[in-house]
Amino acid sequence: MTDSAATPPEPDGGTPLGPGGGSSPTGVGRARRRRRWLRYSAIGAALLVLVAGGTGWMAYEKLNGNIHEDSDTAAELARYEKERPTVLVDGAQNLLLIGSDSRAGANRKYGRNDGTQRSDTTILLHVAADRKSATAVSFPRDLMVDVPACRKTDGTRIEPMFAMFNYAFETGGSACTIRTVEKMTGVRIDHHMVVDFQGFKDMVDAVDGVEVCLDKPIDDTDAHLKLAPGKHLLDGEQALGYVRARKSIGNGSDTDRMDRQQRFLGALVTKVQSNDVLLNPAKLYPVLDAATSSLTTDPGLASLRGLYDLVRGMRGITVDRIQFLTVPRQSYIYNANRDQLVQPAAERLFTRLRTDAPLVVSKDTPADVQAESDQTQGDGMSYDEGGYDDAYGSGEDGGWDDGKPGAGPTAPATPSTAPSPAPTFRGNTARQDACG
């Protein structure tokens, strides 16, 4: 019997080792390390996906949870659905932006908290159905308007009255303000947002400030603002003082302050677009966090999905097609410290918004609007509710032949065969430099 060499053991059931017999010890080691590396890499990649997904989900949930849903306003508006204006143009959107001057919480340093809040700024934002233009119309807080019967915050109700515009928000909140605007303009409000002082400040800080130019120094203790003449990059606190200041800047009127607010908002929009904030998640998140933390909206916008759908529809609008203007107004005939609408210019504007028709803005007050204002002041009388051209086909308001002021026409009439030029209103675009 011939002795033979024992066969080496097979590692892990593999091929026997040795010359011509398969893998060497070095090759087996490499194979093991490679399999281990692949296994660990797969586990690591899976963990990264989970962590990234979890982080994204947590960020989404945080932003989503920041938004306050205003279901009370939705319920109150539903009670008056039959009297609200109907939609004339499918696809057009009307959003009411309300700046609250509440002194509650972090806003207490801006004044005594008496438990109430007023609409320091109210803007009707109309987004055209083709998503190629947007028009923001400011309403003076001291504008004398018809406020409908509304439910107060304590559950009691107020009777219809002729009062200052911001009385609607102070007594009946967003629902009363929306119904007041709809009654005045005939424009159906699709969504609303309420933003307080803190939210405005945080948004400005999130974009690293907004630049403005001053011809004269500002020293306003009420607005917590002191600035020398020249260019300034305003942070959130300074920006809030700048848009709130009234007596120390310009002619001291609310109209002058609204013009300043519009120019500042235009500069803010321009900076957001020029810095590609909407396309950069690292820049976008702080802006969204600041915005959502102080937002109170209708249920349709009370989520990131709802806000995204709104913003997505506007992202293609260039800054020169974003227009800001103030509703045609003048001093109220019975009180110079109050305002009243200039007719028929105001109704002409409202008709353009109702019918999604174009309009033009200019830094100068158009001659026809000035003439209407002069006529109102000259004859000592204000136009009544129906004080505008009854013939909608006259060309001054876009060539529509039917409709009612403030009540919201139920359907657009047949347009005239020869469309008229778009009317001009005093205002500016987001492209116009705040320092211009």
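How many helices and strands does the chain have? The chain has ten helices and 19 strands, where helices (H or I, at least four residues) and strands (E, at least two) are DSSP runs numbered from the N terminus. This is a predicted model, in which local features need pLDDT of at least 70 and side-chain atom pairs count only at pLDDT 80 or more, while totals for chains, interfaces and linings use all residues. Residues are numbered from 1 along each chain as its sequence is written, and side-chain values use heavy atoms, with hydrogens and water left out.

**Confidence and overall packing**

The average pLDDT (the predictor's confidence in each residue, from 0 to 100) is 76 for the chain, and 66% of the residues score at least 70. Two segments are set out below; contact means heavy atoms within 4.5 Å.

| Segment | pLDDT | Contacts beyond four places in sequence |
|---|---|---|
| Residues 4-20 | under 50 | eleven contacts |
| Residues 102-114 | under 50 | 25 contacts |

Where pLDDT is low, the predicted coordinates should not be read in detail.

Of the 436 residues, 44% count as buried; buried means under 20% relative accessible area, exposed over 50%, and partly exposed in between (1.4 Å probe, protein chains only). Among contacts between residues at least 6 apart in sequence, 67% join residues at least 24 apart.

One disulfide (a pair of cysteine sulfur atoms within 2.5 Å) is found in a search of the whole structure. Cys150 and Cys176 form this link, with their sulfur atoms 2.2 Å apart. The link is right-handed, with 80° about the S-S bond. Because Cys150 belongs to strand E6 (residues 150-151) and Cys176 to helix H3 (residues 166-185), the pair ties together parts that are 26 residues apart in sequence. Cys150 counts as buried at 2% relative accessibility, and Cys176 counts as buried at 1%.

Helix H3 also holds Ser174, which is buried with a relative accessible area of 7%. Beyond its neighbours within four places in sequence, Ser174 is in contact with Asp70, Thr73, Ile98, Phe169, His192 and Val194. Ser174 and Thr73 are 101 residues apart in sequence, yet their C-alpha atoms are 6.3 Å apart in space.

At the start of H4, a side-chain oxygen of Asp196 comes to within 3.2 Å of the backbone nitrogen of Gln198. Asp208, which follows H4, has a positive phi, near 65°.

Arg260 is part of helix H6 (residues 254-274) and is buried, with a relative accessible area of 1%. The side chain of Arg260 reaches the backbone oxygen of Ala245 at 2.8 Å.

**The largest pocket**

What volume does the largest pocket have? About 1,900 Å³ of space lies in this pocket. Of the 50 residues that line the largest pocket, the closest to its centre are Met193, Met203, Val269, Ala291 and Val311. Helix H8 (residues 304-314) gives the most to the lining, with eight residues. On a 1 Å grid over the protein atoms alone, a pocket is an open set of points where a 1.4 Å probe fits, with protein on both sides within 12 Å along at least five of seven lines; lining residues have an atom within 4 Å of a point. Grid points are joined across faces, edges and corners, and a volume is the space filled by probe spheres set on the points.

Definitions and conventions. A polar contact is a pair of N or O atoms within 3.5 Å; within protein, one must be able to donate a hydrogen and the other to accept it, and residues adjacent in sequence count only if both atoms are side-chain atoms.
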